[in-house]
Amino acid sequence: MADRLNSKSLLDIPRSVATPPYDRASISVGIVHLGIGAFHRAHQAAYVDQLLEDNPEWGIVGASLRRPDTKEALDPQDGLYTLAVRDGEGTRCTIIGSVLEVIDATLDKEELLDLMSSEAVRIISLTVTEKGYCHDPATGKLNEDHPGIIHDLEHPSAPETAPGFIVEAIAQRRAAGLPPFAVMSCDNLPANGRTCGRIVQRLADLRDPDLGAYVKQHVTFPGTMVDRIVPATTDADREMVAEMIGVEDAWPIMTEPFTQWVIEDRFPNGRPPFEETGVMMVDDVEPFELMKLRMLNGPHSTLAYLGYLAGYQTVSDTVADSDYRTLIRKMMTEEIAPTLDLPGVDLDAYRDELIQRFENPALKHRTWQIAMDGSQKLPQRLLGTIRDRIRTAEPYERLALGVAAWMRYATGTDEKQDPIDVRDPLADRFEVITAAADGDPALLAGGYLALDSVFGDLAENETFRDKVTEKLELLFDVGAKAAVARHL
Ligand code: CS2
């Protein structure tokens, strides 16, 4: 068996593979990242990697809050991993060195909190997925009944949740007389900076109103728009990467050439020169965020549900079906783009580029992967757009089909009567709803619409209820593929 990728074997990597241009021993930690999954390693860690040569004080220590698998893969590799950028023309590998260490936050809470409250750490970034914010997606507020939040209020110095760690670290820094860090959410939440700030501040307030007031006054929560498609790594990917780099990497990250990061410039305690790596620093990120969530993620989820139901395994297989491609193209042009207000941005060009990215045949991005956690994703991906369309009294047929496709998928049985492995924090509720509806699409739609944390006030809108019910009936009657063909 070949050697493992690590600091020593790094010296023998073939020249065709880019390796860190800096001496890793001289890099120190400036960023603690919560939720060190594949997305972080394809995106923020890759940007930071590009600036460490001239800014060695901005290395990253990552923490996993749920599973220790990243730590298990990266510890024997001294934090090194391969970023494999793929398209129809081939694969280019880069070894990324910006992750200095990974902490298992389920075990080493004190170590993580000590680091978060050390002077050198000036940014806490997060990719903890939508559900990691312990909030109510329909309102964007902290869910005070969340078991993790209840736990963190009872045991503030041994937290479990991302907001819990952040609040405790802020309290420790304050007690030590250190300036606060900036908290930078890099998740696909609407207004991710403001939402994250609202949640952290509320938790701090519940702990101690004085701490809540301190957070409000002193801690910044710069919003970001992050974009890069990152499919889950497969064993075949591991083999291909080992072949290219000449050593084993337990967890290489596969991604596309495209990458985008827009950040609000609110870092009173300092930040790396992100703009030198192509990041766009702005005053207000929200218009960009809305564009990305609505134009990319809305159609992405729609393709995932309608594609999976029709038996398509990957996004590229789904959009290779010209009906599906036309569906999302029209959805973007006619139903989504008119809700956006971004002077100077060519939304037609943005749309065309998105479709091209979805077509990338080398990515193998599974529809099942994107279908995960729909209850957390739908509000910002489809429902906000629908609310805007209702407000302006304009049609939203395709968006409604996307919502109904999620409901159809969430029943847990596909069109061939085979089971679907539905992963979602509300999966238990879906089972109850599905059983109670007993095959009646109207009852089923009613059951899903009553999920307050997903639909909120939208559930009371008669026209919307009727529309979604009609689409769900259609999906049961003719199947996803034929339903798509009727929406072109
Ligand atoms: C995808 C996103 O899995 C999903 O839900 O829609 O992860 C998507 O690939 C990224 O947001 C692209 O930036």
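Reader: R86 and D237, are they buried or exposed?

Author: Both R86 and D237 are buried. Buried means under 20% relative accessible area, exposed over 50%, and partly exposed in between, with a 1.4 Å probe and protein chains only. This is a predicted model: local features need pLDDT of at least 70, side-chain atom pairs count only at pLDDT 80 or more, and totals for chains, interfaces and linings use all residues. Residues are numbered from 1 along each chain as its sequence is written, and side-chain values use heavy atoms, with hydrogens and water left out.

Reader: What does R86 form with D237?

Author: A salt bridge, with the closest N and O atoms 3.7 Å apart. R86 is in strand 3 (residues 81–87) and D237 in helix 9 (residues 235–245), so to speak of distant parts of the chain: they are 151 residues apart. The salt-bridge cut-off is a side-chain nitrogen of Lys or Arg within 4 Å of a carboxyl oxygen of Asp or Glu. Helices (H or I, at least four residues) and strands (E, at least two) are DSSP runs, numbered from the N terminus.

Reader: How many salt bridges does the structure hold?

Author: It holds 32.

Reader: Which residue pairs with D373?

Author: K131 forms a salt bridge with D373, and their closest N and O atoms are 2.5 Å apart. D373 sits in the loop between helix 14 (367–371) and helix 15 (374–391), and K131 in the loop between strand 6 (123–126) and strand 7 (135–136), so the pair ties together parts 242 residues apart in sequence. D373 counts as buried at 7% relative accessibility. K131 is partly exposed at 27%.

Reader: And K471, what's its partner?

Author: E470, with the closest N and O atoms of this salt bridge 3.7 Å apart. K471 is buried at 3% relative accessibility. E470 is partly exposed at 38%. Elsewhere, salt bridges that share partners join R329, D348, R351 and D352 into one network.

Reader: Switching to strands. Why is strand 12 called largely enclosed?

Author: Because 5 of the 5 residues of strand 12 (residues 260–264) are buried. Both faces are covered. Q260, V262 and E264 are on one side, W261 and I263 on the other.

Reader: Which strands are joined to strand 12?

Author: Strand 10 (residues 224–227) runs antiparallel to strand 12, with 4 bridges joining them. Strand 13 (residues 280–282) runs parallel to strand 12, with 3 bridges. Two strands pair if DSSP finds at least two bridges between them.

Reader: Which bridge partners can I click on?

Author: V226 has W261 in strand 12 as its bridge partner. V262 is partnered by M280 in strand 13.

Reader: Now the surface. Which residues form the negative patch?

Author: E101, D108, E110, E111 and D114. Patch residues have over 30% relative accessible area and no salt bridge; like charges are joined within 9 Å, nonpolar side chains (Val, Leu, Ile, Met, Phe, Trp, Tyr) within 5 Å. Asp and Glu count as negative, Lys and Arg as positive; His and the chain ends are not counted.

Reader: Which helix gives the most to it?

Author: Helix 4 (residues 109–116), with 3 residues. E110 is in helix 4, and E110 counts as exposed at 62% relative accessibility.

Reader: Last one. Where does G193 lie?

Author: In helix 7 (residues 192–207). G193 is buried, with a relative accessible area of 4%. G193 and D265 are 72 residues apart in sequence and 11 Å apart in space, C-alpha to C-alpha.

Key
Areas by Shrake-Rupley, 256 points an atom, 1.4 Å probe, with all protein chains shown as cover. Charge placed at Lys NZ, Arg CZ, Asp CG, Glu CD.
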